[in-house]
Amino acid sequence: MGIQQRVVVVGAGPRGLSVVERLVARSAHTGAAVHIDLVDPFPPGPGHVWRTDQSDVFLMNTPSLFPTVLAAPDVLDVPSVAPLRGMSFERWRRGVVAGQIEPVTPLSEEQLRALAELTPQGYPPRAVYGRYLEWVFTTLRENLPATVRLDVHRGEAVDAWVRTDGRHRYGVELAGGAVLPADAVVLALGHLDAHLRPSQKDLVDGAAEHGLTYWPPTVPADAFWSELPSGETVLVRGMGLNFCDALARLTEGRGGTFAQDPEHPDRLVYHPSGREPKVVAGSRRGTPYRAKPVLAGYYAASLQTRFFTLHAVRGLAEQAPGPLSFERQLWPLIRKDTIWNYYTVLARTAPDAFLGDPQEFLRRLDEILLDTADPNWAHRSDALISDFVVPGRQLQQARLARPFEDVSFASHDEYAAAVVHYLDRDVRGSLRGEDDPVKMAIASLNAARTVLKCVLVEIGITDSSWVHELRRQFEPLVEGLASGPPVLRIQQLAALTRAGIVRFLGPEPRFAVDRSQGCFVAASPWVEDAPVRSRWLIEAMSPTNDVHRNISPLLTNMHERGLVRAKLMETRDGASPETSTGLDVSPERARGAQDDDAAPHAFVYRAVGAKDRVEHGIYVIGLQLSSVQWGVSIAAEAEAPAHLGARTLADADQIAQDVLAGSAPQV
């Protein structure tokens, strides 16, 4: 018998599941023995976010064809065990519908019918995606090779330390006092609760003082939606994806129904049940995220990525005297692609938007964009656009994300009418898909995100650029545009607004406790109407993914023991570093990795602790890598290469390879 490695994987959601799957696959391939302890209070596979008991009104934010926890064939050099090979969610869905795959927990007739009606471009319920994850884990467990032992611990890991005795380096304590020995610990922690910000604590205190109800940020499936009263005004802060979930539970979840508008085929009409509250929502933008376009695939087939490519950025990095800047070197390339994609679609679909020959305009624009030696290309392109394109049809990227910036409204009803008009236009654009210039400009930004994730890992940018330019400027822009819900959600929101169920505060709203009247009060400086008062205030957002603010006892204790720390990022003034949202890690190639491996650009990320010490047996994957990776909450993409959309799977594979390098094969 060879040396058996003991690995504790903390977190049984998609990232932890992928690590376990890669350990099993590589153990089966090499004969290296491994004992895996998988720790999570939630069910293995679905974990917390994707658990199967949540309401079916909660939809995924990616179409059925996109997500997976298993690499496509030939993406990684070691395949999954046979029953799981290439089993993306979409392939699993088709197998269930055809009767070839039996879910672990039987689906209801309604869920089976919904799966059968779902297209690859449709958006499945999160609970059904959880059934896929449940099936992957169960199938994996039923097909373990003799070299693997897998134990599941349904509890919380609360501490970890370096042992001073015994063969195994680490001890991991579970709630209740049990201690698991480990040669390696994998932190796949996912979403963690976080300490409230001072302004949120003030709301908690005010609510307690006056008997109000305040819901801090939470995962939507954890909220008790039935506690919100019918017919009463409820304030909601945040108009992103959790806002869509809140509306679904408070409308469809209470018996309301949507129907097609017979006079407007692209609109819906809402028929209330009478049990809905009156929702008044606010966010910094004043509007929800834009709807995703309706496409045949995840990316638009006609999209042209000409400037922001890995090849181009590698060339910039070779010529640069130091680390790259997002604003100076990456954003111009992203912007060029966005401009080109917008105007090529506009020329194809609306030649009347030009004050001359559209093809002549494209030829001249092409010359300007291709002139890499001209630092004034943006001014030249703006001048060309001003001369050639009809006002009102020109691309205004800032206005895309904040359509009502610096615009005043006389009342909430006036603002609601403006928002409904905006929502209707957004819906029509999404339904036009690749024939809509705005949606293709946004699609260009979405495609850039995938390349950018790879650039940041392989090449990197300066800390100050990461903090000030990427996180504070580009990220809010692109999330509001490219991370939006399916078009159905925006159609529903427009219908709810027409029905009087939803109203909006306006941009940059302020929320506070009015202690003189004993209620919450909210108002926007851009809507000249009486402030909205309510006894209920909901934060429609998930807890911040920030290791510095999290309340995880495990990370707290590991930090106190010097095993982990948050990464400090240098800022522009060079004197006051900023604490990153992620852990400090050391990216390294896995032991035994070869230059011609299938995942040459994947790394193992080992925790860095006190005194800059790299803890070689503690690995990090997923959300807590936000100090070195970007877009860490996005699922692995089915059929994608290892260095692009499947990077999280490649990272899991590298962890497995590195861990098992310490095991000798069985004899």
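Author: Start with one rule: two strands pair if DSSP finds at least two bridges between them. Keep in mind that this is a predicted model.

Reader: In which sense do strand 1 and strand 2 pair?

Author: Here is the general idea. Strands of a sheet pair through backbone hydrogen bonds, either parallel or antiparallel. Now the case. Strand 1 (residues 5-10) and strand 2 are parallel, joined by six bridges.

Reader: How many residues of strand 2 are buried?

Author: First the general idea. In a regular strand the side chains alternate between the two faces of the sheet. Check both faces, then. In strand 2, V34, I36 and L38 are buried on one side. H35, D37 and V39 are buried on the other. Buried here means under 20% relative accessible area. All six residues of strand 2 (residues 34-39) pass, so the strand is largely enclosed by the rest of the structure.

Reader: Where does A160 lie, and is it buried or exposed?

Author: A160 is part of strand 5 (residues 157-162). Its relative accessible area is 3%, so A160 is buried. Next, ask what touches it. Set aside neighbours within four places in sequence, and A160 contacts G171, V172, L554, M558, R561 and L563. Distance is a separate reading. A160 and Y170 are 10 residues apart in sequence, and their C-alpha atoms are 6.9 Å apart.

Reader: What is the strand order in the open sheet of five strands?

Author: Read such an order across the sheet. Here it is 9-18-10-13-14, with parallel pairing. Strand 9 (213-215) and strand 14 (502-504) are the edge strands, each pairing on one side only. From one strand to the next the twist averages 20°. Now go inside the sheet. Strand 10 (residues 233-237) and strand 13 (residues 278-282) run parallel, with five bridges between them.

Reader: Which helix lies across strand 9, strand 10 and strand 18?

Author: That is helix 5 (residues 198-210). Compare directions: helix 5 runs at about 155° to strand 9, while strand 18 covers 536-539.

Reader: What is the order of the open sheet of three strands?

Author: The order is 15-16-17, and the pairing is antiparallel. Strand 15 and strand 17 (532-534) are at the edges with a single partner strand each, so one side of each has no neighbour in the sheet. On average, neighbouring strands here are turned by 25° against each other, direction ignored. Helix 5 packs on this sheet too, touching strand 15 and strand 16. The direction of helix 5 makes about 30° with that of strand 15.

Reader: How many residues are between strand 15 and strand 16 in their hairpin?

Author: Four, and among the features of the turn is G518, with a positive phi of about 65°. Strand 15 (residues 510-514) and strand 16 (residues 519-523) share five bridges in the antiparallel sense. R510 has A523 as its bridge partner, and A512 has V521.

Reader: Where is the place of S524?

Author: S524 sits in the loop between strand 16 and strand 17. Apply the cut-off again: with 7% relative accessibility, S524 counts as buried. Beyond its neighbours within four places in sequence, S524 contacts L505, G506, P507, E508 and P509. A259 is another story: S524 and A259 are 265 residues apart in sequence and 32 Å apart in space, C-alpha to C-alpha.

Reader: At roughly what angle do helix 13 and helix 14 cross?

Author: For a helix pair, read distance, angle, hand and contacts. The axes of helix 13 (residues 437-458) and helix 14 (residues 463-482) come within 10 Å and cross at roughly 140°. The crossing is left-handed. From helix 13, I442, L445, N446, R449, L452 and L456 take part. They meet W466, L470, F474, V478, L481 and A482 of helix 14. By class, this contact has 10 nonpolar, one polar and one charged residues.

Definitions and conventions. Residues numbered from 1 in each chain as written. Predicted model: local features only at pLDDT ≥ 70, side-chain atom pairs only at ≥ 80, totals over all residues. Heavy atoms only, no water. Buried < 20%, exposed > 50% of the residue type's maximum accessible area, 1.4 Å probe, protein only. Helix = DSSP H or I, 4+ residues; strand = E, 2+ residues; numbered from the N terminus. Axes fitted to C-alpha atoms, helices over the stretch in contact; angles between N-to-C directions. Contact = heavy atoms within 4.5 Å. Left-handed = near helix turned anticlockwise from the far one by under 90°. Nonpolar A, V, L, I, M, F, W, Y, C, P; charged D, E, K, R; others polar.
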